[in-house]
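Visitor: Please take a close look at the aromatic pairing in this structure, and at the nonpolar packing that goes with it.

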Amino acid sequence: EVADAEEAEAEAAGDPCVRAAVATALEAHRVLEEHVAACDGEEGRRCLGLGEEWRSHPTRQGVDVRTTDAFCGQAGVNGAIGVGDAAASSEAVRAVLADPDKRRLTDPLWQSTEVVRSLPSRLVRIEGWRTLEFGIVTERFKAPAVVVSPRDSLVVRVRLKSVDGTRVRLVQRSVDAPALAVPRGYVRLRLACGGYQIRAVAPDRCTTVYVNALDPNGYVPKPVVRTTMPDRAMTVAKAAQAAERHRKTGKWR
């Protein structure tokens, strides 16, 4: 079985599409790491490493919120970052953000996630990190307003854990696959970087940095963008509240 797995891994590594997915995963992680490093400071001194293109918003429910309409200097790519703490374990917060049956606790627009292709996790090698999951995923989302079409995304997804066990990350970035058609009635958005880092501070305390940057690939009224992007950053607070509720009551909702 080990020989078969190694043979399958070698075959996948030689596939041009898989090589492109690996390159996309590495670039997505680089971008996430850059923004995590700029934001994950001590409380009261967060997000100080971000550039001038980032706008500061009032702290809401303990979450520092920043937005931009030029993520990484790319005009039209809307970005949001949220940083906050949770009085819960990092695993509980991760469960809220990652488990499909809990996804709507933080994202009411989310409809579905489907794994298009699982890939050998060992193909993504990052110093100081263990890759737990690697693959290509498609997701669908409801429209945020009547005048906007629902969106879908096709992304490379990587889930990692630091070698010292204190941090977990999930990162996604759009990948091209012309053979996978956009569902009828949907518009395929371009995700420049989507993901988070959860860092354990104590057994029942952690800090989350959430990054979401995308090109909606079509007309979205500015008032909708101004509302939805800061709300994306509040994913941090929603995840914290659900995890804290579960710690106290045993219930997620």
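Guide: A search of the whole structure turns up one aromatic pair. Its partners are W54 and F71, edge-to-face, at 6.0 Å centre to centre and 85° between the planes. (Rings of Phe, Tyr and Trp, the latter by its six-membered ring, pair if their centres lie within 6.5 Å; planes under 30 degrees apart are stacked, over 60 edge-to-face, the rest tilted.) W54 sits in the loop between α2 (16–39) and β1 (55–60), and F71 in the loop between β2 (63–68) and β3 (78–86), so the pair ties together parts 17 residues apart in sequence. Helices (H or I, at least four residues) and strands (E, at least two) are DSSP runs, numbered from the N terminus.

The model is predicted: local features need pLDDT of at least 70, side-chain atom pairs pLDDT 80 or more, while totals for chains, interfaces and linings use all residues. Residues are numbered from 1 along each chain as its sequence is written, and side-chain values use heavy atoms, without hydrogens and water.

W54 counts as buried at 9% relative accessibility; F71 counts as buried at 1%. Buried means under 20% relative accessible area, exposed over 50%, partly exposed in between (1.4 Å probe, protein chains only).

F71 is also among the residues that touch the most other members of the largest nonpolar core, which has 35 residues. Such a core is a set of buried Ala, Val, Leu, Ile, Met, Phe, Trp, Tyr and Cys residues joined through side-chain atoms within 4.5 Å. α2 gives the most to this core, ten residues. A second, separate core of 30 residues includes A86, V96, M229 and A242.
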